[in-house]
Amino acid sequence: DVCSSDLGINGDQFKKFTEYTEGEKRKLLIFLAKARDFEFANTTPIEDIYDALIHNDFYRKCRKCEGIMFADNKTCVCCGELNKDCWIVGAMWGGQEDKYDGFIKNGVWYLGWKDDEQPDQANKRNNIKEGDYIAIKRIVGNNPKKIEIRAVGEVTGVEHEDIGGRKNDEGFKQIYVNWKKADLSKKVDSKGCYKSIHGPFYLEDEWTKEVFYPEFVPKKTLV
């Protein structure tokens, strides 16, 4: 796979995509295109190459510098930053059965629906990747404007295939989590997070910082 070292980039040379010269941008984009067997004419505008790359299965736009990041590990080849996604998930099944203690004890989270029952939520779960941040929430009484953050953690692994060998007895695909902080009781605005899974949210956003502070957000980034 193509990586930053293939571009002759090391940690001291990382810079924002917006700081690249036009020549540097074209060189980088053509290199990444050829690495995935995309062909562009020498006269193809830089903007067209960029747009094609960030809308395929291999690359995405870096949220931090607008450069190009690898879709599989979310690392930007320009600024070197990891673009982590953040997810808000539930542990109350049917509003009555609380799976929270089991999730924390076993270092997991899983969606309490079969894929064909809630395909949209299943698709969100399938987009969770190792290194992402995750928070368990619950609704605060009858107040639709607030949710309570119960735990925050970092995803350490995912089960992609719904096949035998699952670690739980209920047949659900699992997300493995290092729960960094549990038994929280942090009240935040709900932002409509009432379903079993919501996201991705971005750590650059102020509301997301509030959810994951102080465990995953340096204090100096809060405003």
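Reader: How many disulfides does the structure hold?

Author: A disulfide is a covalent bond between the sulfur atoms of two cysteines. The present model is a predicted one, and it holds zero disulfides. Cysteine 79 illustrates the point: the nearest cysteine sulfur belongs to cysteine 76 and is 3.8 Å away, whereas a disulfide requires sulfur atoms within 2.5 Å.

Reader: Is cysteine 79 buried or exposed?

Author: The criterion for a buried residue is a relative accessible area under 20%. Cysteine 79 has 15% and is therefore buried. Cysteine 86, at 0% relative accessibility, also counts as buried.

Reader: How many aromatic pairs does a search of the whole structure find?

Author: The search finds 12 aromatic pairs. To classify such a pair, one considers the distance between ring centres and the angle between planes; planes under 30 degrees apart count as stacked, and those over 60 as edge-to-face. Tyrosine 110 and phenylalanine 172 form a stacked pair, with 5.8 Å from centre to centre and 10° between the planes.

Reader: Which parts does the pair of tyrosine 110 and phenylalanine 172 tie together?

Author: Tyrosine 110 is in the loop between strand E6 (108–109) and helix H4 (119–126), while phenylalanine 172 is in the loop between strand E8 (143–158) and strand E9 (175–181); the pair therefore ties together parts that are 62 residues apart in sequence. Tyrosine 110 and phenylalanine 172 are both buried. Ring pairs also link these two with Trp93 and Phe103 into a cluster.

Reader: Why is the pair of phenylalanine 201 and tryptophan 207 edge-to-face?

Author: The planes of phenylalanine 201 and tryptophan 207 stand at 65°, with the ring centres 5.0 Å apart, so the pair is edge-to-face. Both phenylalanine 201 and tryptophan 207 are buried.

Reader: Which residue lies over the face of tryptophan 93?

Author: Here one looks for a charged group over a ring. Lysine 99 lies over the face of tryptophan 93, at 4.6 Å from the ring centre. Lysine 15 lies over the face of tyrosine 20, at 5.2 Å from the ring centre.

Reader: Which residues are buried in H4?

Author: For a helix, one asks how its buried residues are arranged around the axis. In H4, the residues Gln121, Ala122 and Arg125 are buried. They cover an arc of only 100° around the axis, which puts them on the same side of H4. Pro119 and Asp120, on the other side of H4, are exposed.

Reader: What covers the buried residues of H4?

Author: The covering elements include E6, E9 and strand E11 (197–202).

Methods: Residues are numbered from 1 along each chain as its sequence is written. This is a predicted model: local features need pLDDT of at least 70, side-chain atom pairs count only at pLDDT 80 or more; totals for chains, interfaces and linings use all residues. Side-chain values use heavy atoms; hydrogens and water are left out. Rings of Phe, Tyr and Trp (its six-membered ring) pair if their centres lie within 6.5 Å; planes under 30 degrees apart count as stacked, over 60 as edge-to-face and the rest as tilted. Helices (H or I, at least four residues) and strands (E, at least two) are DSSP runs, numbered from the N terminus. Buried means under 20% relative accessible area, exposed over 50%, partly exposed in between (1.4 Å probe, protein chains only). A charge sits over a ring if NZ of Lys or CZ of Arg is within 6 Å of the ring centre and within 35 degrees of the ring normal. The arc is that of the directions from the helix axis to the C-beta atoms. Contact means heavy atoms within 4.5 Å.
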